[in-house]
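Trainee: I am new to this one. Could you pick a single part and take me through it closely?

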Amino acid sequence: MTKKILVLIAIISAAYSGASNAQSYFSRSAITFEIKNMGINTSGSIGGLLTKVRFSPANLNASTLEASAEVNTINTGNDSRDEHLRSEDFFDVVHYPKILMKSVAFKHKSGNNYTGTFILTIKDKSKQIELPFTFSEKENTVEFKGTFKINRLDFGVGGNSMVLSDEVTINIDCEGKKQETAQL
């Protein structure tokens with residue numbers, strides 16, 4: 001039986017798995033991005049996120065997270081731009097349909113604040129990133145929020161441009177119910 005959790009968005013999430021082997025199914029999730037195009041902030045989202053999560057604030061060394069997002073779900077609110085982003089010029093979804101992310105380590109900062117070290121893979125190019133995030137629990141609900149930046153050129157997304165920024169900001173916001181399972 002697979003241990004993947006199907007959620008409704010795109011690139012990264014975290015859930016809770018403590019000593020009781022809890023697992024979360026996100027009922028609300030959003031992965032959005034922002035980049036400057038001709039000096040104007042342009043935003044969008046990516047959906048189709050699958051995750052395999054084992055996260056325990058009490059045992060960060062045993063915590064893991066793997067995620068994949070379907071790049072063909074990219075949506076900037078402009079059909080022409082979205083098709084261009086799916087093309088060989090940018091994400092080349094025919095050859096590279098998924099963005100992948102796998103945890104390497106987690107660190108507790110303070111309170112509900114953590115930092116995760118991940119290997120992010122876009123178009124078969126992998127790079128280690130740091131993702132600061134908050135993780136909170138209220139009764140039977142868990143919430144994960146984080147923001148990080150990447151250089152799109154590090155992953156071969158588009159080429160050098162006088163009008164398009166190299167830096168992309170990615171925001172993740174997920175919430176769901178903690179559910180008990182026999183095994184993760």
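**Salt bridges around one loop**

Mentor: Happy to! The protein chain has an accessible surface of about 9,700 Å², with 49% of it belonging to carbon and sulfur atoms (Shrake-Rupley method, 1.4 Å probe; for residues, only the protein chains shown count as cover). This is a predicted model, where local features need pLDDT of at least 70 and side-chain atom pairs count only at pLDDT 80 or more, while totals for chains, interfaces and linings use all residues. Residues are numbered from 1 along each chain as its sequence is written, and side-chain values use heavy atoms, leaving out hydrogens and water.

The protein chain has one helix and ten strands (DSSP runs numbered from the N terminus: helices H or I, at least four residues; strands E, at least two). There are five salt bridges (a Lys or Arg side-chain nitrogen within 4 Å of an Asp or Glu carboxyl oxygen).

Let's start with Asp166 and Arg152, whose side chains meet in a salt bridge at 3.4 Å, N to O. Both residues lie in the loop between β9 and β10, so the pair ties together parts 14 residues apart in sequence. Arg152 is buried at 4% relative accessibility, whereas Asp166 is partly exposed at 29% (buried is under 20% relative accessible area, exposed over 50%, partly exposed in between; 1.4 Å probe, protein chains only).

Next, Lys127 and Asp154 form a salt bridge at 3.3 Å, N to O. Lys127 sits in strand β8 (residues 125–138) and Asp154 in the loop between β9 (141–151) and β10 (167–180), 27 residues apart.

Finally, Lys149 and Glu167 pair at 3.6 Å, N to O, linking strand β9 to strand β10 across 18 residues. Here Lys149 is exposed at 52% relative accessibility, and Glu167 is partly exposed at 44%.
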